[in-house]
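Thank you for letting me speak today. Please have the sequence and the structure open beside you while I talk, and follow along residue by residue.

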Amino acid sequence: MLRLPGMPLLPGAQFYDHSKRRHPRRQTLMHYQGIHMLSDRREPELVEPNGPLVDPKCPPASTELNLLCPPRMTTKLPPWLAYDKQVLCFNAYFKEPLTEIYHAPYQVRKVKIYFYLEDGTMQVTEPKVENSGIPQGCLVHRQRIPKGPASEHEFISIFDLNVDTNVQIFDRLYHISGCDIFTRQFLSRAGIAVPVALTEPNDPTTELRKRSAVKQTPRPATSAVPKRHAFAQFLEFDRRVLKFQGYWNDRSEFGDVRQLNICYYLADDTIDIKEKFPRNSGREGTSTFLKRGKLPKEFTGLSLPGQQTAVTLLNVLGSNMRDVRYVADPLNTGQKQTTYYTDQDLRIGAVLNVFGRDVVLTSCDQFTQHYYREKHGIQDFTPQPLPECSDERVQGQGKTRRLPPYNGWGSYEDSEGNCITVEPKAPQADFKKLMKYDGCILRFGAKMISIIRENCERSFVISYYLADDTIQIYEVARRNSGFLGGEFLKRARVALPGQEKFSSARPEYYHAKDFYIGARLSLKDHIFYINSADEFTLLYMEQHANEFPVADIRAIMQKIRDAVRPQYKQFVLRCQPNADLRDGTSVSFDTLKSTLLAFLPKETLLNHEIITVCRFFSSEQMPPTTCDRNHVRAAAQLELKRALWNNVDELVEHLSHINPTCKPYITEAQVRSTLRGCRLPFSLELVEDILQVLQRNEQGEIEMRDVLTFFNMTADQVPDIAPLNIAFELCPKLPFLHKGRLVDFNWFLYYLGLEEEMVRANR
């Protein structure tokens, strides 16, 4: 409540702040260093974010009391919220006297002074300078700093900091020479004049160090090349290893493709190779393919003993063994120079001669890529594929057999079998793929595109079987349409249009990635437009985004980010005309779709990609599944009666064994192990439903008494129920079909990341 000066305390002379919603009581007691005392600290008053500048810890007296008119209603916030993440940065320096150096009486040390507006604290840091010889970094930790001896009881505030002013921080006197752009704009907006930035003086010690370094540097014209110490390479590149992946294609009779890991040690230019055994390869033992050492480039065979020596012997002088003298060749004329592999010879695709075995490098790690990018300027690190099984051994095949063209009978595989062997065999199916994708069916809703009007109104369901890449089409029956519903296309593989039918080459068939919402497919001379998909299909495509590009949220958002970046503000205003971006802001599917299509053409952004975006950023969540306790208990007792189970004593004994201290609550894992250990005739779905309806505490543990009561069929019985499908009918787990109708717009903008780019660009 505010009062006008000179007015009595009467109605009409008082003004209430109706925007204030919280009225907490301030803390009057505090605990300081083990002593209980009264707290006389003054809480910071509320300030306006764009209003007059105040000190957060020492706010001035309110100026609204001196006005003759009632104050205007403005939004005021506490300083820690109004000035959150706002820091003033000043460039300063101080002179430190030196007594050891004759030619430099002092040195200039440049620092940065940070003033945090939210609480009035300060921090002084010194940027690190190489070869300075002094410890640098944080000189004064973040704290409230008192003023000089004249006013020790006051702290340095924002009004004491400005360009071309001196500020004393403890025992050092800093001279502020400049500030950053934000600090200058902030002080200017607050009415504080900021002078022009000053030129910082040069450091005498730095200039002296530079002059001495120039004098000590020899002239390149008159001096020789400086020698490099042999131990310098080890000190510079110790524990730095270039790692490559490669293979050796063993072309022997029982050979195989050996996968290898090649390591090049930069410290001493040595190489070691280890073999990587694949699973179920039948190989065991040591994996060392090549012991660590320098690898020569040329290999003509193992040298004989004494053939390769460090000294070339010319003659032997003397008659007996004791007085023998040797004449050596100081130039080593006959010795052959051996060249070894270096880091310049290793790159992806290079072939290494490892003592007669050709090792091909296929890929490398991130450190190796960075090393070659910085030192040798190589940018292409595309990995090379391993050879397939058909390329592993040399097979004495002549010319490839040319098969006759397809005659239209049976499938292409059957025709090939008749031409290859006298006794044709049935084509072998991919059994691993069949076992992996058995029961996985992608279903899409489609419409027929035709010049006949009646055909355009027909609805179809296209089923794609992942197990064998077959397609089946059913027509949805509609009354008074003139078309009978049912099977429209039998299950079979459908070839892509535009291929020659009667040829010797196998045709290309439709794959799963060709089906998505918005696609037009030509199936058996009929054109279908896919307009919908079921929940399982959408989930499967989103979980396998590497196989379905239209469900890859990262690629889609990158495409949207590149198109929206030049007109980001118009994009946001078109989705939200009132620019309301509070928490929980949502936009409809139609609004986001029309906005995206306004910035991206339909050929670039497909309908399925828009659905993927809306489903990923959906603001609607799936409701939790609920189970009726009595219904679940009746189903459990029905299973116990059908299995003639009456072994409650064993259940009690097992619970006592896992809970010897008789705790009232046990964990969910212990209850699950008890139900499985006592061999109760429950399926996995029924066990999960039982655990869901049991009583729990705040920590999620299950009550012991409730477990015993739940399976006691004599004391408390429930009405019997008819047999039912426990997996689907006991606790129905219906799919959530409304995902994507509303889009969380704040989450969408945060993932887009253009807001942060604009903020960094403005800074």
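The buried residues of α11 pack against α10 (553-564), β25 (586-588), α12 (589-599), α20 (745-752) and α21 (754-762), where helices (H or I, at least four residues) and strands (E, at least two) are DSSP runs, numbered from the N terminus. Helix α11 itself spans residues 568-575, and its buried residues are Tyr568, Phe571, Val572 and Cys575; buried here means under 20% relative accessible area, exposed means over 50%, and partly exposed is what lies in between, with a 1.4 Å probe and protein chains only. Because they cover an arc of only 95° around the axis, these residues are on the same side of α11, the arc being that of the directions from the helix axis to the C-beta atoms.

Before I go further, a word on the source: this is a predicted model, in which local features need pLDDT of at least 70 and side-chain atom pairs count only at pLDDT 80 or more, while totals for chains, interfaces and linings use all residues. Residues are numbered from 1 along each chain as its sequence is written, and side-chain values use heavy atoms, with hydrogens and water left out.

Let us follow the chain on from α11. In the loop between α11 and β25 we find Asp583, which counts as exposed because its relative accessibility is 79%. Asp583 and Phe745 are 162 residues apart in sequence, and yet from C-alpha to C-alpha they are 9.2 Å apart in space.

Next comes α12, which packs with helix α13 (residues 607-616) at an angle of about 130°, their axes being 11 Å apart; axes are lines fitted to C-alpha atoms, for helices over the stretch in contact, and angles run from 0 to 180 degrees between N-to-C directions. That angle makes α12 oblique to α13, since angles under 35 degrees count as roughly parallel, over 145 as roughly antiparallel, 65 to 115 as roughly perpendicular, and the rest as oblique. The crossing of these two helices, α12 and α13, is right-handed, and the rule is that a crossing is left-handed if the near helix is turned anticlockwise from the far one by less than a right angle, and right-handed if clockwise. On the α12 side Phe589, Leu592, Lys593, Leu596 and Leu597 meet Asn607, Ile610, Ile611 and Cys614 of α13, contact meaning heavy atoms within 4.5 Å.

How many of the residues of α13 are buried? The count is 8 of 10, so α13 is mostly covered, and the buried ones include His608, Glu609 and Arg615. These buried residues of α13 pack against α9 (535-543), α10, α12, β28 (742-744) and α20.

Now to the largest nonpolar core, which has 29 residues, with Phe682, Ile690 and Phe711 having the most contacts inside it; such a core is a set of buried Ala, Val, Leu, Ile, Met, Phe, Trp, Tyr and Cys residues joined through side-chain atoms within 4.5 Å. At least two residues of this core come from each of α14 (629-642), α15 (648-658), α16, α17 (684-693), α18 (704-710) and α19 (726-730), and the largest share, 5 residues, is supplied by α17. Leaving aside residues up to four places away in sequence, Phe682 touches Ala636, Glu639, Leu640, Arg676, Val687, Ile690 and Phe711.

Two of these helices, α14 and α17, pack at an angle of about 140°, with their axes 10 Å apart, and that makes α14 oblique to α17. Their contact is made by Arg629, Val632, Ala636 and Glu639 of α14 and by Leu686, Asp689, Ile690 and Val693 of α17, and α14 passes α17 in a left-handed crossing.

Asp164, in the loop between β8 (137-143) and β9 (166-169), has a phi near 65° and is partly exposed, at a relative accessible area of 41%. Asn480, in the loop between β21 (470-475) and β22 (486-492), has a phi of about 60° and counts as exposed, at 82% relative accessibility.
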